[in-house]
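Please find below a note on the model, arranged as numbered points. The coordinates should be kept open alongside the text.

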Amino acid sequence: MFADLLDRLFKRTKETSGSVAKDRLKMVLSVDRTDMAPQTMEEMRKEILAVITKYFEIDDTESLEVGLEREQGSTAIIANIPIRRVKVADA
Amino acid sequence: MSGKVIVITSGKGGVGKTTTTANLGMALAARGKSVVLVDADFGLRNLDLLLGLENRVVYTVLEVLSGDCRMEQALVRDKRQTSLALLPAAQTRDKSAITPEQMKEITGRLSETFDYVLVDCPAGIEQGFRNAIAGAEQAIVVTTPEVSAVRDADRIIGLLESAGLKGPRLILNRYRPQMVEAKDMMSVEDVLEILAVKLLGLIPEDEQVIVTTNRGEPIVLAANPPPAGQAYLNIARRLEGEDVPILEFKVPNNGFMAKIRALFSGR
């Protein structure tokens, strides 16, 4: 705990190039692993967004990230969508 | 007898595939196993050079396939480790000179007489890669903690798995503990998290690798193997099924801040 505090006090919190590398790789690999054309991916992203915005208010439509992640041989679609609130159904 | 056919691959060039093949071959042979190293890098062969056997190459895998020589004539036997042999690649032809089926036949024949058949795969994902993996039952992926090498390793892992080579294992090469400590290099944990594969070994960056390569004497042959040599010897033991812990390369940290930090974190 104190070690963390020291780290924070002495500017160890600044983004290191190692963590930048890791984050950039994760992003680029989520696209690489799809084996999908970027255009198709973008189309899917828009369609997913259209459905979600029917039911939820979203912070920022640009912030929707859709990617594929591979773990132990199986692949999953991961979508990260920050939601503001549920839309009230119009009567 | 049926030996293990293992392909050593990476996608990206220059990360240490051939160095790894040469050292693992030597290390396994030193443990009394019969080992044949197959250079699948047609047109850009180097395994002979790293092993110091470049002046003894007469025939290559092509003459074996065409029937111009027997397998036994093409194999170059190492004089330091007599249970180690090299099957050289053709230097004058390119990677399309051989088909995956032919490669499979070659490695299949070799596995009848050797405990280990290690195939040194060329860089890239084209025909040379497809040839190299054709007869393999296991794969070792070599990478370094750099974005380009890890990205290519990920692609290779995907291709290996879709070719039916499940569960490839990773060797992380040219690791620089000091840079990792300073968080200016991805850690072994970072790379494993991204690639989601099992770690087979961790090799520290070591100038001695260059020195020993200059002489054509793989680093594991050194009397007192430096850290990188020790790491390769450990990998050979793991291939043999031994449970050997991964070497940790801790940086001796004697700076003032490190001392204060150590004081508070109770280390």
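1. In this predicted model, helix H6 (residues 127-134) of chain B has the buried residues B:Gly128, B:Phe129, B:Asn131, B:Ala132 and B:Ile133. Buried means under 20% relative accessible area, exposed over 50%, and partly exposed in between, with a 1.4 Å probe and protein chains only. Helices (H or I, at least four residues) and strands (E, at least two) are DSSP runs, numbered from the N terminus. The buried residues of H6(B) pack against strand S1 (4-9), helix H5 (100-111), strand S5 (116-120) and helix H7 (147-162) of chain B.

2. The largest nonpolar core contains 54 residues, and B:Val7, B:Leu87, B:Leu110, B:Val119 and B:Leu195 have the most contacts inside it. H7(B) supplies the largest share of this core, five residues. Such a core is a set of buried Ala, Val, Leu, Ile, Met, Phe, Trp, Tyr and Cys residues joined through side-chain atoms within 4.5 Å. Another core, of 36 residues, lies apart from it and includes B:Val35, B:Leu86, B:Ile140 and B:Ala231.

3. With neighbours within four places in sequence left aside, the contacts (heavy atoms within 4.5 Å) of B:Val7 include B:Ala132 and B:Ile133, both of which are among the buried residues of H6(B). Others among the contacts of B:Val7 are B:Val119, B:Cys121, B:Ile140 and B:Leu165.

4. Which elements pack between the chains at an angle of about 10°? They are H2(A) and H9(B), with their axes 11 Å apart; that makes H2(A) roughly parallel to H9(B). Axes are lines fitted to C-alpha atoms, for helices over the stretch in contact, and angles run from 0 to 180 degrees between N-to-C directions. Angles under 35 degrees count as roughly parallel, over 145 as roughly antiparallel, 65 to 115 as roughly perpendicular and the rest as oblique. A:Lys22, A:Leu25, A:Lys26 and A:Leu29 in H2(A) meet B:Asp190, B:Glu193 and B:Ile194 in H9(B).

5. A salt bridge (a side-chain nitrogen of Lys or Arg within 4 Å of a carboxyl oxygen of Asp or Glu) joins B:Glu193 and A:Lys26 at 2.6 Å, N to O. This pair crosses between chains, from helix H9 (residues 188-195) of chain B to helix H2 (residues 17-32) of chain A. B:Glu193 is partly exposed at 46% relative accessibility, and A:Lys26 is partly exposed at 38%.

6. Over all chains, the search finds 19 salt bridges. One of them links B:Arg31 and B:Glu240 at 3.9 Å, N to O. B:Arg31 lies in the loop between helix H1 (17-30) and strand S2 (35-39) of chain B, and B:Glu240 in the loop between helix H11 (227-239) and helix H12 (256-265) of chain B, so the pair ties together parts 209 residues apart in sequence. B:Arg31, B:Lys33, B:Arg237, B:Glu240 and B:Glu242 are linked in a salt-bridge network.

7. B:Arg80 and B:Asp78 also form a salt bridge, at 2.7 Å, N to O. B:Arg80 is partly exposed at 36% relative accessibility, whereas B:Asp78 is buried at 2%.

8. The model scores ipTM 0.79 and pTM 0.82. Mean pLDDT (the predictor's confidence in each residue, from 0 to 100) is 93 for chain B, where 93% of residues reach 70 or more. Chain A has a mean of 77, and 70% of its residues reach 70 or more. Within chain A, confidence is lowest in helix H1 (residues 2-9), at a mean of 60, and highest in H2(A), at 88.

9. Residues are numbered from 1 along each chain as its sequence is written, and chains are lettered from A and ligands numbered from 1 in the order in which they are written. Local features need pLDDT of at least 70, side-chain atom pairs count only at pLDDT 80 or more, and totals for chains, interfaces and linings use all residues, while side-chain values use heavy atoms, with hydrogens and water left out.
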